[in-house]
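I opened this entry to keep track of what I looked up. The notes follow the order in which I checked things.

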Amino acid sequence: MRLLNRSAGRLSRHRRGKVAGLVLLLLGLVLSGSLYAALSPATAENTDTTAAEVEKGRELFLVGCAFCHGENGEGVSTLNGNQIGPSLVGVGAAAVDFQVGTGRMPMSQPGAQAPRKDVVYNQEEIDQLAAFVASLGPGPAIPTEADYSTADLTEEEREAAIVRGGQIFLTNCTACHNFDGSGGAMPRGGYAPTIRGVDAKHIYEAMLTGPQQMPNFANGNITPEMKRDVIAYLEATEEQPSYGGFGLGALGPVSEGMFAWLLGIGSLVGFAIWIAAHTTRSKKEKVEA
Amino acid sequence: MSAHDPNLPAQAEQEPIADPGLEPHQWRPTDVDPKAEKRAERQVAALFGLSALSAIGFVVAYFAIDGGTENPTRFGYLGAQNIALGVLLGLALLLIGIGIIQWARKLMGDQEIVEMRHPAASSEEDREATLAALAQGLEESGIGRRPLVRNSLLGAVGMLALPSVVLLRDLGKIDIPALARTIWAPGMRLVRDVVGTPIKASDLEVGDLVNGLPEALFPTPENGYPAEEAHGSKLQVNKSKTAIVIVRMEPDEIIPGPGREDWSVDGILCYSKICTHVGCPISLYERTTHHLLCPCHQSTFDLGDSARVVFGPAARPLPQLPLDVDEEGYLIARSDFTEPVGPSYWERG
C-alpha cells in the first residue's frame, strides 16, 4: 500500500489505514449491487402486483359487489330513484378496506343500517377489491400504520395528544357516538355503532371516508394529526378503569334505570314473595304458661 | 241491596252455607320451643350486629382505601373505595331490614286477628254540633251581612300579588335587540371549534361536517379581535349564540331559499348549530339525506333545503349564515345571521 501511495505524499488518505481505500471500494460495489437487487426488481414486481391485484379485485367485485354497485362500480338505482348501491367511483381504497374489513360489506340485506358482522373476505382479497375500487377514481388510500399508530409517541406527546383528541372527539363525534364512544340511535331505525374496541385503522378510515350516513372528516377538515389524537384519546378511554363502578354502556339513565327497575325492584319483589311463602310451622301445640 | 236493616247484627240472618270459621292456629317452632326462640333472638341480634359492623367498616374503608383522583386503589377495573363504600353501606341497610323481617317472622305474634268493620263517619251528634258551631261563627262574623268588610278583605289579599309581580322585574332587563344579533360580522372567518384554525373552502370534501365558531372567539395579535369578547361569561354567551355547523354537499343537491342563491360556496353551507326549539346544540348529521337531527326532541332539519323542519317540535328553520371566501381562499361570513338564532321568544312575533 505504501508503495502505491508514495506519489500521494502526505494526503489525509494515509492516516485512514492501509486497506481503507479497498474496503471503501468493496463497500460501494456491494451497496450498489444490493440496492439494485433490492429496489429495481421490487418496483417491477409492485407494478405487476398492482395490475394483477386490480384484475383479481375486479373478478371478486363482479361476483360479490356488482349486483348492487354495478359492474363498473357506477351504482344501481331503482326506477323511483332510490339507490340499491351507491356509486363507488372516487370512494378510494380506504372506504373498501373499512367496509369490507369490518364485515359491513357485502351487506346481508338492504336496510337502515349496515351492521358490523363477520368479515367475509381475507385481507389479501380485501386489498385486491380495494385496488380495483381505487382504480375507478381517485380517493383516499388505505392509511399506513404511521398515520394512526400512537406507539412512537413519547409519554409527554401522548398526554398532549389525549387532551387534544378528547376535545376534538367531544366536539365532533359525541353527538352520535356518545361521550364514551358506545354509539347511539339515529333516525329511521339507524344507529351510530360503538367505536370501543374498534381497530385504530378502521377508526381512521371511518373519519376519512364517512361510511354510510356518517359525515366525512377528511384531511382538510380534521388533519391527520388530529385524527391520530382522537385515536390516542379513544385508546386512553379504553385503558381507563371505571373507578365509579360499572359503566353499563355509558348510556346514562336508560341502562341505569333499567338496572334499578328490573334487577333492583325485581329482586325486592322476589324477596317479598319468598318471605310470604316460607314460614316454618310446628306440629306441636303451644303450652300456655 | 239486602232488604234487611244493615244495622241489625249479622247473626240474625239465616246464611245458606254455615260459616266455616278459622282453622286452628299452627304454631311456629319458636312459639313452642324455648330453645328455638332463643336461637332466633340470637340470629336477629347477630344481623343487627353485622349491620353495625358494616357501618363501622364503611368509615374504615372511607379513610383506609385511597380513593383520590391520582391513581386510586383499584379492584379489577373498578375503584376499590367506591365498591367498598357501596357494598358496606348496602349491607348495613340490608342487614337491618333482614333482621327486622327475621324478628317479625320468628318472634313477633303471628296469630290471625279478626277486626270488625265500623262505619267511618263521625256520629250524628258530632256532625250536627260541628255544623252548628260553623254556622254560628259565620253568623257572628257577619261576612254575609257586611259586604264592605268582605270585599275590602278580598281586595287586600288580591293586592298582595302585585309586589311579587313587580319584584320579578329585578331578574334583569331583557335586551331584545341583543337577542337578534351575534358577533358574526361581514368578513369574519369561520374557524374550527376547539382548535380555532380557519377553514379553506378547497379543503372540504363532499360529505364533510365541520363544527365551527367565529374567529373572534379565538383572538390573537395577528387577527386583532378584542380579547374581552372571548373571556368569561361573555365567551359562553357568544359561544352559545355563534356556534355553527358547516357542511359540504353536491351543489346540485341544494335547493336554495329565495334570496339565498349566493349564500353557499361550491356546495358549502353554514347554519346556526343552536336548535330553534329549546336551544340544544345539534350536530347529528346524515350526509346521505342532509338531515341534521337534534338529540333533545328529535327536531330534524334538511340542510339542503334552507334547514327546513322536516320532523319534530321546532317551529322555525335553523338560521343560515351567508358565506363567501376571502382572497386567501378561507371561508368568511358575508354578514351576521339575518334572523335571531336559538329558540323563539314572544317579542320575535
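How many residues does the contact take from chain A, and how many from chain B? I noted first that this is a predicted model. I then found 29 residues from chain A and 35 residues from chain B in the contact.

I looked at the chain A side next. Helix H6 (155–172) and helix H7 (174–177) of chain A are the elements that give two or more residues to the side touching chain B. H6(A) supplies the largest share, 4 residues. By class, I got 11 nonpolar, 14 polar and 4 charged residues on this side of chain A.

**Cores**

I turned to the nonpolar cores. The largest has 51 residues. Leu190(B), Ile246(B) and Tyr271(B) have the most contacts inside it. Which elements give two or more residues to this core? From chain A I listed H7. From chain B I listed strands E3 (190–192), E4 (209–214), E5 (244–248), E6 (268–272), E7 (284–286), E8 (291–293) and E12 (331–333).

I picked out Tyr271(B) and left aside residues up to four places away in sequence. Tyr271(B) touches Ile244(B), Val245(B), Leu303(B), Ala307(B), Leu318(B), Pro319(B), Gln320(B) and Leu321(B). In soluble globular proteins, nonpolar side chains tend to be buried together.

**A helix pair in chain A**

I checked how helix H3 (residues 92–101) of chain A packs with helix H8 (residues 200–209) of chain A. The angle is about 125°, and the axes are 9 Å apart. H3(A) is therefore oblique to H8(A). The crossing of H3(A) past H8(A) is left-handed.

Which residues meet here? From H3(A) I wrote down Gly92(A), Ala94(A), Ala95(A), Asp97(A), Phe98(A) and Gly101(A). From H8(A) I wrote down His202(A), Glu205(A), Ala206(A), Leu208(A) and Thr209(A). The contact of H3(A) with H8(A) has 5 nonpolar, 4 polar and 2 charged residues.

**Thr209(A)**

I ended on Thr209(A), which sits in helix H8 of chain A. Is Thr209(A) buried or exposed? Thr209(A) is buried, because 24 other C-beta atoms lie within 10 Å, and the cut-off for buried is 20 or more.

I also looked along the chain. Thr209(A) and Val91(A) are 118 residues apart, yet their C-alpha atoms are separated by 7.1 Å. Leaving aside neighbours within four places in sequence, I found Thr209(A) in contact with Val91(A), Gly92(A), Ala94(A), Ala95(A), Phe98(A), Pro140(A) and Asn216(A).

Conventions: Residues are numbered from 1 along each chain as its sequence is written. Chains are lettered from A and ligands numbered from 1 in the order in which they are written. This is a predicted model: local features need pLDDT of at least 70, side-chain atom pairs count only at pLDDT 80 or more; totals for chains, interfaces and linings use all residues. Two residues are in contact if their C-beta atoms, placed from the backbone, lie within 7 Å. Ala, Val, Leu, Ile, Met, Phe, Trp, Tyr, Cys and Pro count as nonpolar, Asp, Glu, Lys and Arg as charged, and the others, Gly among them, as polar. A nonpolar core is a set of buried Ala, Val, Leu, Ile, Met, Phe, Trp, Tyr and Cys residues joined through C-beta atoms within 7 Å. A residue is buried if 20 or more other C-beta atoms lie within 10 Å of its own, exposed if 12 or fewer, and partly exposed in between; C-beta atoms are placed from the backbone. Axes are lines fitted to C-alpha atoms, for helices over the stretch in contact, and angles run from 0 to 180 degrees between N-to-C directions. Angles under 35 degrees count as roughly parallel, over 145 as roughly antiparallel, 65 to 115 as roughly perpendicular and the rest as oblique. A crossing is left-handed if the near helix is turned anticlockwise from the far one by less than a right angle, and right-handed if clockwise.
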